[in-house]
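This report examines selected features of one protein structure. The sequence and the coordinates are displayed below for reference.

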Amino acid sequence: MDILPIACTLSRAELERDAHCLMPGLLKRAPALTQLDDGVRLEFDAAADTLRDMIEVIDRERQCCRFLQFVLTVPPGGKPFQLDITGPEGTRGFLEAAAALGSA
């Protein structure tokens, strides 16, 4: 398995400009966040526009933060969506920094 560096390929200016539609914006929108050893679990209301937005963020993030792993769970019966975002050691700290950027 390749070990990918915990780094984003976007510039600081790109991150600040697009924070609302990248990881910082997604983290900010999650009504519930649970810390995992290797990342976080986000929980979202089960709405079609939320699902679409999550998929768009995942697609963008997988291109600039290649070390991240995304596991999206869409349970039956309108239960909340869950998104686990994990990676190698240090990923949780990276995500905490991203959350801080989103709240700035």
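Where is the place of Glu61? Glu61 is located in helix α3 (residues 48-64), where helices (H or I, at least four residues) and strands (E, at least two) are DSSP runs numbered from the N terminus. The model is predicted: local features need pLDDT of at least 70, side-chain atom pairs count only at pLDDT 80 or more, and totals for chains, interfaces and linings use all residues. Residues are numbered from 1 along each chain as its sequence is written, and side-chain values use heavy atoms, with hydrogens and water left out.

Glu61 is buried but has no salt bridge. Buried means under 20% relative accessible area, exposed over 50%, and partly exposed in between (1.4 Å probe, protein chains only). A salt bridge requires a side-chain nitrogen of Lys or Arg within 4 Å of a carboxyl oxygen of Asp or Glu. For Glu61, the nearest side chain of opposite charge is that of Arg60, 7.3 Å away; Lys and Arg count as positive and Asp and Glu as negative, while His and the chain ends are not counted. Leaving aside residues up to four places away in sequence, Glu61 touches Leu22, Met23, Arg66, Leu68 and Phe70 (contact: heavy atoms within 4.5 Å).

**Cysteines and aromatic rings**

The structure holds 0 disulfides, a disulfide being a pair of cysteine sulfur atoms within 2.5 Å. The sulfur of Cys8 has its closest cysteine sulfur in Cys65, at 3.6 Å, which is too far for a bond.

A search of the whole structure finds 1 aromatic pair. Rings of Phe, Tyr and Trp (its six-membered ring) pair if their centres lie within 6.5 Å; planes under 30 degrees apart count as stacked, over 60 as edge-to-face and the rest as tilted. Phe67 and Phe94 form this edge-to-face pair, at 5.0 Å centre to centre and 90° between the planes. The pair links distant parts of the chain, 27 residues apart: Phe67 lies in the loop between α3 and β3 (69-73), and Phe94 in helix α4 (residues 91-102).

| Residue | Relative accessibility | Class |
|---|---|---|
| Cys8 | 22% | partly exposed |
| Cys65 | 1% | buried |
| Phe67 | 7% | buried |
| Phe94 | 23% | partly exposed |

**Strand β4**

Strand β4 (residues 81-86) is largely enclosed by the rest of the structure, because 5 of its 6 residues are buried. Strand β2 (residues 39-44) pairs with β4 in the antiparallel sense over 6 bridges, pairing being assigned if DSSP finds at least two bridges between two strands. Phe44 stands opposite Phe81 in β4. β3 and β4 are also paired in the antiparallel sense, over 5 bridges, with Leu72 opposite Leu83 in β4.
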